[in-house]
Amino acid sequence: MRQIIVTSCLFCDIAAGKRKADVVFESDDVLAFRDISPQAPHHVLVIPRKHIATLNDLQEDDAEIMGKLLLAAKQVAGAAGFAEKGYRTVINCNRDAGQTVFHIHLHVLGGRYLGWPPG
Ligand code: 5GP
Ligand code: ZN
C-alpha cells in the first residue's frame with residue numbers, strides 16, 4: 001500500500017505565500033514579517049525560505065543562510081528606526097526555550113527597554 005505523508009509548516013506556508021503575513025523584508029533566501037502576537041512595539045520574525053526545524057538541525061552548509069538572517073535583522077532594525085537605541089535578536093530552541101513553531105526563526109524585538117536576563 002502506498003503511504004502518503006502530509007506535512008505542514010506554518011512558516012513554509014507564509015514563505016510560499018499560502019498564508020498571509022505582514023512582510024517587512026524579503027530576499028531570495030529570507031523573509032521577515034511581523035509577529036502575530038508582538039512582545040514589543042516592534043516584533044519581527046526573520047525566517048529562511050528553506051525549512052530548517054530548529055537550531056539543532058543546522059548543517060555546515062546552512063552557515064551562509066544563518067548569516068543572512070542576521071543581516072536581515074540589521075536591515076529590519078535600521079528601517080524601523082531602533083538600530084541605534086538597541087534591540088534584541090533571539091532564537092528559541094526546543095521546549096525549555098519555548099519554541100512553538102518548528103521552522104527556525106530569529107525574533108527581532110525593539111522599541112522598548114528589554115530587561116535582562118530574559119524569563
Ligand atoms: P517561538 O515561540 O517558536 O520562538 O516563536 C513563534 C512565534 O511565531 C511566536 O512569537 C508567535 O506569536 C508567532 N506566530 C505563530 N503563528 C504565527 C502566524 O501565523 N503568523 C505570524 N506572523 N506569527 C506567528
Ligand atoms: Zn517550514
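Mentor: Gladly! Buried means under 20% relative accessible area, exposed over 50%, and partly exposed in between (1.4 Å probe, protein chains only). This is a predicted model: local features need pLDDT of at least 70, side-chain atom pairs count only at pLDDT 80 or more, and totals for chains, interfaces and linings use all residues. Residues are numbered from 1 along each chain as its sequence is written, chains are lettered from A and ligands numbered from 1 in the order in which they are written, and side-chain values use heavy atoms, with hydrogens and water left out.

Trainee: Why is Cys 12 called partly exposed?

Mentor: Cys 12 has a relative accessibility of 24%. That value falls between the 20% and 50% limits, so Cys 12 counts as partly exposed.

Trainee: And what makes Ile 4 exposed?

Mentor: Ile 4 has 67% relative accessibility, and the label needs over 50%, so Ile 4 is exposed. Ile 4 sits in the segment before H1; helices (H or I, at least four residues) and strands (E, at least two) are DSSP runs, numbered from the N terminus.

Trainee: Which protein atoms are donors of the zinc ion (ligand 2)?

Mentor: They are Cys 9 (SG), Cys 12 (SG), His 51 (ND1) and His 103 (ND1), at 2.0 to 2.3 Å. Donors are N, O and S atoms within 2.8 Å of the metal (3.2 Å for Na, K and Ca), and water is not among the atoms, so sites may look incomplete.

Trainee: What do Cys 12 and His 51 tie together?

Mentor: Cys 12 lies in helix H1 (residues 10–15) and His 51 in the loop between E3 and H2, so the pair ties together parts 39 residues apart in sequence.

Trainee: What makes a nonpolar core?

Mentor: It is a set of buried Ala, Val, Leu, Ile, Met, Phe, Trp, Tyr and Cys residues joined through side-chain atoms within 4.5 Å. The largest one has 17 residues, and Phe 25 and Val 108 are among those touching the most other members. H2 gives the most to this core, seven residues.

Trainee: How do you know that Thr 100 makes a polar contact with ligand 1?

Mentor: A polar contact is a pair of N or O atoms within 3.5 Å; within protein, one must be able to donate a hydrogen and the other to accept it, and residues adjacent in sequence count only if both atoms are side-chain atoms. A backbone N or O atom of Thr 100 is 2.7 Å from an oxygen atom of ligand 1, so the pair qualifies.
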